[in-house]
Amino acid sequence: MASREQRGSVRTAVVWDALESALADGPRDVVDLGGGTGGFAVRLAESGHRVRVVDPSPDALAALGRRSQEADLEVSGLQGDVTDLVDVVGAGSADVVLCHGVLEVVDPVLALDHIGQVLRPGGLVSLVVGQRHAAVLARAMAGNFPQARALLDGADPADGRTGHRFTVAEIENLLDAAGFTRTAMHGVRVFTDLVPAALVDIEPGAAAALVDLERAVAERPEYFHLAAQLHVLARRP
Ligand SMILES: C[S@@+](CC[C@H](N)C(=O)[O-])C[C@H]1O[C@@H](n2cnc3c(N)ncnc32)[C@H](O)[C@@H]1O
């Protein structure tokens with residue numbers, strides 16, 4: 001496996017495990033909000049799901065188009081965002097909404113409200129969000145102590161690129177307030193971002209052993225606070 005691909009699969013293995021098992025019952029109508037270039041969307045389409053990607057970026061949608069064409073798969077790319085999601089895909093039109101790496105840069109209350117509207121009753125949302133305490137640790141380890149301190153107290157990073165980082169309690173409260181029932185939480189990239197990339201790329205068997213370790217801790221709450229991201233599955237009533 002090429003090392004870039006290898007790193008990608010180490011970073012997403014835990015999310016894929018959970019998604020594949022949640023969607024194992026047959027083809028679903030999936031909306032990938034902020035789905036970007038289609039890393040998740042194309043693979044879900046490969047598994048037979050009907051997938052629509054909603055993203056504000058024309059460049060990302062163009063890349064998605066090329067990617068799905070190369071794979072000979074149909075994935076609709078729709079230009080839109082959190083604010084016009086309901087108009088773009090239609091209310092009650094999805095069994096599953098993916099919202100991976102997006103909640104950090106939008107109004108999360110509005111996003112969950114709109115996601116709830118496009119889901120059918122009992123529909124599933126899959127959220128991936130940046131986890132605050134791993135970001136505090138990363139900044140401290142890089143010597144950026146004032147930034148680490150500010151983030152610890154809940155301030156959003158000053159660079160404006162990475163957006164808001166969530167704590168476990170924060171994401172749980174947001175979902176509860178939006179009326180979703182949480183069904184699973186996973187810590188994602190507990191160790192991966194801390195390990196030198198060269199070790200994973202060069203050492204035979206290291207990537208597989210790291211994935212194995214990530215899987216082993218993914219559902220252990222004591223590791224959630226070390227995870228770079230949290231993955232949460234939740235159902236609307
Ligand atoms: C970090 S990328 C994540 C891409 C993909 N979901 C993934 O997990 O690989 C964030 C994506 O959110 C999109 N985005 C930015 N602002 C958005 C908004 N207001 N509503 C929906 N998507 C947005 C960006 O264009 C980008 O494709």
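Predicted model: local features only at pLDDT ≥ 70, side-chain atom pairs only at ≥ 80, totals over all residues.
Figure 1. At the start of α5, the backbone nitrogen of Val-109 has a side-chain oxygen of Asp-107 within 3.0 Å. Helix α5 spans residues 108–118, and its buried residues are Pro-108, Ala-111, Leu-112, His-114, Ile-115, Gly-116 and Val-118. An α-helix has 3.6 residues a turn, so residues three or four places apart point the same way. The elements against which the buried residues of α5 pack are β1 (29–33), α4 (85–89), β4, β5 (119–130) and α8 (168–177).

Figure 2. The backbone nitrogen of Asp-29 is reached by the side chain of Asp-95 at 2.8 Å. Leaving aside residues up to four places away in sequence, Asp-95 touches Arg-28, Asp-29, Leu-119, Arg-120, Gly-123 and Leu-124.

**Figure 3. Aromatic pair of Trp-16 and Phe-40.** The model has two aromatic pairs. In the pair shown here, the rings of Trp-16 and Phe-40 are stacked, with 4.8 Å from centre to centre and 25° between the planes. Trp-16 belongs to helix α1 (residues 3–22) and Phe-40 to helix α2 (residues 39–46), so the pair ties together parts that are 24 residues apart in sequence. Trp-16 is buried, with 5% relative accessible area. Phe-40 is also buried, with a relative accessible area of 16%. Arg-43 lies over the face of Trp-16, at 3.9 Å from the ring centre.

**Figure 4. Aromatic pair of Phe-191 and Tyr-223.** The rings of Phe-191 and Tyr-223 are tilted, with centres 6.2 Å apart and an angle of 55° between the planes. This pair links distant parts of the chain, 32 residues apart. Phe-191 is in the loop between β6 (181–188) and α9 (197–202), while Tyr-223 is in helix α11 (residues 221–224). Tyr-223 has a relative accessibility of 26% and counts as partly exposed.

**Figure 5. Residues around the ligand.** There are 14 residues around the ligand, of which Gly-34, Asp-55, Asp-81, Val-82 and His-100 come nearest. A polar backbone atom of Gly-34 is 2.7 Å from a nitrogen atom of the ligand. An oxygen atom of the ligand lies 2.6 Å from an N or O atom in the side chain of Asp-55. For Val-82, a polar backbone atom is 3.1 Å from a nitrogen atom of the ligand. On its own the ligand has 600 Å² of accessible area, and the protein covers 64% of this.

Terms used: Residues numbered from 1 in each chain as written. Heavy atoms only, no water. Phe/Tyr/Trp six-rings, centres within 6.5 Å; stacked < 30°, edge-to-face > 60°. Helix = DSSP H or I, 4+ residues; strand = E, 2+ residues; numbered from the N terminus. Buried < 20%, exposed > 50% of the residue type's maximum accessible area, 1.4 Å probe, protein only. Lys NZ or Arg CZ within 6 Å of the ring centre and 35° of its normal. Polar contact = N/O pair within 3.5 Å; in protein donor to acceptor, adjacent residues only side chain to side chain. Contact = heavy atoms within 4.5 Å. Near = heavy atom within 4 Å. Areas by Shrake-Rupley, 256 points an atom, 1.4 Å probe, with all protein chains shown as cover.
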